[in-house]
Amino acid sequence: MFAEAEADPTLSREAFKKEETRLRTALVKSQYAQLQAGERALLIVIAGIDGAGKGATVNLLNEWMDPRHILTQGFGAPDELERQYPPLWRYWNALPAKGRTAIVFGSWYAPLLFEGARKRPDTDRLDALAASIRRFEDQLSANGVQILKLWFHLSPEAQKTRSKRLLASPETAWQVLPEDLLVQKHFDRLRESGHHAISRTDRPHAPWVVIPSADDNMRAVSAARAVLHALRRGAVRVPAPSPTPADAGARRSGRRDVLGKLDYRGSIDKDDYEDRLGVLQGRLARALRDPAFRQRALVLAFEGQDAAGKGGAIRRVTQALDARRYEITPVSAPSPHELLRPYLWRFWRRVPRQGRVAIFDRSWYGRVLVERVEELTPAAAWKRAYGEINDFESQLVGHGAIVLKFWLAISREEQLKRFREREKSPYKTFKITQDDWRNRRKWPAYLGAANEMIARTDTLAAPWRIVATDDKRLARLQVLEHIVERVEKALGRE
């Protein structure tokens, strides 16, 4: 894998100058063609042996291309804020828009490379980390992000020589970092770590390219050629997504018509409702003020038919919360800005940090509901989304979030009654639109989509709770009771 790079090939200055002229012109033209097309982003991942000239090469790429359309980012160890979110959160937030290029140092490969460089790597952990990376890159690639991964490599002798040469001059000594000087001691393990990473994650749609790095000219030209090839080649078809942990057996139920069998006849009188509401809100308030919740987060996603009472249920939840500790996100059609990135990007940006609550009035499930029924998204995309959503929720839960999803169901008769009431009420007319009536005419299609959604995303880690809402008061209590019970259980307060 590294034999050619460790042979330390060189490129004469004359050959370099000739290639530089050609590559600079071709890179800028291809960069602007990508920008104008606006169909995909290019994400360049930088990795390799420390002291191999990675930083110098990135600087050169910014010089040879238009740096106004290149976002260069470096990620070190997570800081205090970043540790409060799932590990991939910071990378999702930094994704480039379609048409643009991003260069990433210190990427999601860091844990895999660290494990691979240990004296006795844990093979199971290597496989699990690589599987997670493959799922992440599959999702990015399928959603308009082209990935190119560059591994900078050279022989141990060349790495040592280069570091000494840079240290010899005050003008270049700053380029040598402390970790560069430690490479010699652990070179074999670092090489093996690179082998582990590349062999497990090299794929046609997210390829690795090894860059010979002993000679500055060869390194620059090799990297520029790889970037140019990626810009010209365009996106590669992504295969079927890798199974997620939820797909691999964590589903609770395979039922296909759970919504068609609901009983809407339950009810509760006003006095009992008021008494139980106060008790449940008090329990929720105490649970979320428990010191143990500082290491957790709460994610509530509300879906359901129009007029099923999502807003009312949410208000009864927030009455128990400190306004400084929660955020409500009403979800509508994505903006032009959001359409320039993978569809889950806008939801990753709203993930709560530890100790906080995120409430979604409609959610990421729009991809498999409205976008499916209204044919706003190709069938391949919404079918793929079930696995992507399961993976997203699995990551939240894996980092300590309590993820609860509610489908608020209403009978057709009760929905019609509420629609007519809204039309007559001066305080509720804003709640009824032509879209509501149009959606009602597509009731069977939406019901079928919702049934499949629940069957394919109802997992042990992130379960669905289906609530019949013809009686609003009873529905609100059932929502609160489920939240309270799940939070108390997660905090060990049962």
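In this predicted model, Arg-219 and Asp-216 form a salt bridge, with their closest N and O atoms 3.0 Å apart. The two residues are separated by about one helical turn, because they sit three residues apart in helix H10. Arg-219 is buried, with a relative accessible area of 5%, whereas Asp-216 counts as partly exposed at 30%. Asp-216 also meets the side chain of Arg-165 in a salt bridge of 3.9 Å, N to O. This second pair links distant parts of the chain, since Arg-165 belongs to helix H7 (residues 156-167) and Asp-216 to helix H10 (residues 216-233), 51 residues apart.

Other charged pairs are found elsewhere, and the count of salt bridges comes to 35. One of them joins Asp-66 to Arg-68 at 2.7 Å between the closest N and O atoms; here Asp-66 is buried at 9% relative accessibility, while Arg-68 is exposed at 62%. Lys-17, Glu-20, Arg-24 and Glu-63 are linked in a salt-bridge network.

The contacts of Met-453 include Tyr-386, Trp-407 and Trp-464.

Helix H16 itself spans residues 379-398 and bends by about 35° at Ala-385. Of its 20 residues, 14 are buried, so H16 is largely enclosed by the rest of the structure. Just after this helix, Gly-400 adopts a positive phi of about 105°.

Technical notes: Residues numbered from 1 in each chain as written. Predicted model: local features only at pLDDT ≥ 70, side-chain atom pairs only at ≥ 80, totals over all residues. Heavy atoms only, no water. Helix = DSSP H or I, 4+ residues; strand = E, 2+ residues; numbered from the N terminus. Expected span 1.5 Å × (residues − 1). Bend = angle between axes of the 7 residues up to and from the residue. Buried < 20%, exposed > 50% of the residue type's maximum accessible area, 1.4 Å probe, protein only. Contact = heavy atoms within 4.5 Å. Salt bridge = Lys/Arg side-chain N within 4 Å of Asp/Glu carboxyl O. Lists of a residue's contacts leave out its neighbours within four places in sequence.
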